[in-house]
Amino acid sequence: METFYTAQEVADLLKIKKTTVYDLIKKNRLPSSKVGKQIRISKSDLDAYLKQSSDGTAAASGSGQDGSGASVQPLPMAEAADNILRTRDYLQHNNGLIVGGQDELISIFCAYFQLEPDSLPVIQHSLNFYDSLYSLYFEKVHMAFVPVPGGFRDNPLHYMVPGISLASVQVAEITYGMYVKKGNPFRIDNAAQLISSGARVMRGEKGSACRIILDQCLKDAGFDPEQIKICSRENISALAAAAAVDSGQADVAVGSRSVLGRFPDLEFIPLQKADLKLVFHSRFLEHPAYQSMIYVIQSDIFKRRLMQMDGYEVKNTGCVEQL
């Protein structure tokens with residue numbers, strides 16, 4: 001059965017902006033189809049485009065728009081930071097919210113939240129575990145979706161956001177593990193076996209939950225994480241991790257179970273569970289918009305939606321805690 005991606009998923013896989021994907025579609029460089037009002041790109045069309053790009057007839061980043069082969073330059077760091085600050089200032093002065101986090105569940109939450117009468121506009125910044133809490137500490141975001149791995153002996157929120165009274169809402173329990181090809185050719189059952197298997201491992205970026213979990217599992221088994229055979233690139237999302245194994249760029253990668261359904265040729269080896277929490281300053285706990293967020297997470301319709309998705313458990317969903 002053919003696999004289809006959204007424009008955002010293609011952007012994540014190619015590590016480009018979603019607007020670049022739309023530009024490629026508009027210029028007939030990347031075939032697409034519509035399901036209702038939604039654009040979908042098939043895996044076979046994406047693979048064909050990438051093959052064409054590698055042959056020099058196009059560029060995966062949308063470069064060479066004039067046919068000259070000139071590449072699009074990345075946005076300078078200072079300008080990128082300035083854009084983020086402008087976004088933050090706009091939302092802060094226009095009653096909007098900025099949320100940090102990477103899990104695909106966030107977009108589903110935002111969709112339900114926008115239906116509430118006390119909701120506010122929301123912009124999501126795709127920040128990993130560490131960066132989300134860092135941004136919350138320096139008030140660059142209003143809230144953060146952070147997966148707290150079960151392997152921590154103490155609650156890391158106390159140490160990473162010190163001196164600040166926080167509130168958290170349990171969103172779901174997520175299972176993290178290793179993606180491998182069907183049949184598990186390297187016969188890997190746990191993280192420690194990565195050392196002797198010789199498998200090429202694509203690690204997550206530093207600060208991401210999947211990187212933290214993998215490194216901690218290796219350390220608990222008495223190994224230095226640097227002993228594994230590491231791919232030169234790091235993944236920035238669970239979707240990118242699974243795609244790397246599916247395409248043969250890596251033999252093993254770590255991510256959440258939730259994306260596995262999109263890759264029928266992969267198997268999943270569980271490593272550890274993590275509590276996905278919505279964290280924010282407790283002084284906002286009684287604010288109508290934040291109360292609406294809690295209401296959404298505690299609602300039966302949201303829990304039912306999670307139960308329909310593989311990899312999420314809702315046993316403690318909606319539990320509120322002040323830290």
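The model is predicted, so local features were taken only at pLDDT of at least 70 and side-chain atom pairs only at pLDDT 80 or more, whereas totals for chains, interfaces and linings use all residues. Residues are numbered from 1 along each chain as its sequence is written, and side-chain values rest on heavy atoms, with hydrogens and water left out.

Of its 323 residues, 46% count as buried, where buried means under 20% relative accessible area, exposed over 50% and partly exposed in between, with a 1.4 Å probe and protein chains only. Among contacts (heavy atoms within 4.5 Å) between residues at least 6 apart in sequence, 72% join residues at least 24 apart.

The largest nonpolar core comprises 50 residues. Such a core is a set of buried Ala, Val, Leu, Ile, Met, Phe, Trp, Tyr and Cys residues joined through side-chain atoms within 4.5 Å. The residues with the most contacts inside this core are Leu105, Phe109, Leu278, Phe280 and Phe302. Strand S7 (residues 166-181) makes the greatest contribution to the core, with 8 residues. Beyond its neighbours within four places in sequence, leucine 278 is in contact with Phe109, Met143, Ala144, Phe145, Ala167, Ser168, Val169, Val171, Met293 and Ile297. A second, separate core has 31 residues, including Ile41, Ala241, Ala244 and Ala253.

Strand S6 (residues 143-149) is mostly covered, with 7 of its 7 residues buried. Met143, Phe145, Pro147 and Pro149 point to one side of S6, and Ala144, Val146 and Val148 to the other. Strands are taken as paired if DSSP finds at least two bridges between them. S6 is joined to strand S11 (residues 266-281) in the antiparallel sense by 7 bridges, and the partner of proline 149 in S11 is alanine 274. S6 also runs parallel to strand S4 (residues 97-100), to which 2 bridges join it; here glycine 100 is opposite alanine 144. S4 is itself covered on both faces, with Leu97 and Val99 buried on one side and Ile98 and Gly100 buried on the other. Strand S5 (residues 122-125) pairs with S4 in the parallel sense over 4 bridges, and glutamine 124 of S5 is the bridge partner of valine 99.

An open sheet of 3 strands has the order S1-S3-S2, with antiparallel pairing. Strands S1 (4-5) and S2 (33-35) stand at its edges with a single partner strand each, so one side of each lacks a neighbour in the sheet. S1 and strand S3 (residues 38-42) run antiparallel and are joined by 2 bridges. Tyrosine 5 has isoleucine 41 as its bridge partner in S3; Ile41 is also among the residues of the second core.

Helix H5 (residues 105-113) and helix H11 (residues 288-298) have axes that come within 10 Å and cross at roughly 115°. Axes are lines fitted to C-alpha atoms, for helices over the stretch in contact, and angles run from 0 to 180 degrees between N-to-C directions. Phe109, Tyr112 and Phe113 of H5 meet Ala289, Ser292, Met293, Val296 and Ile297 of H11.

Asparagine 184, in the loop between S7 and helix H8 (193-197), has a positive phi of about 45°. Arginine 187 is found in the loop between S7 and H8, and its phi is near 50°, likewise positive. Asparagine 184 is buried, at 10% relative accessible area, whereas arginine 187 counts as exposed at 58% relative accessibility.

Aspartate 310 lies in the loop between helix H12 (300-307) and strand S12 (312-313). With 46% relative accessibility, aspartate 310 counts as partly exposed. Apart from its neighbours within four places in sequence, aspartate 310 is in contact with Arg257 and Ser258. Leucine 260 is 50 residues from aspartate 310 in sequence, and the two C-alpha atoms are 8.2 Å apart in space.
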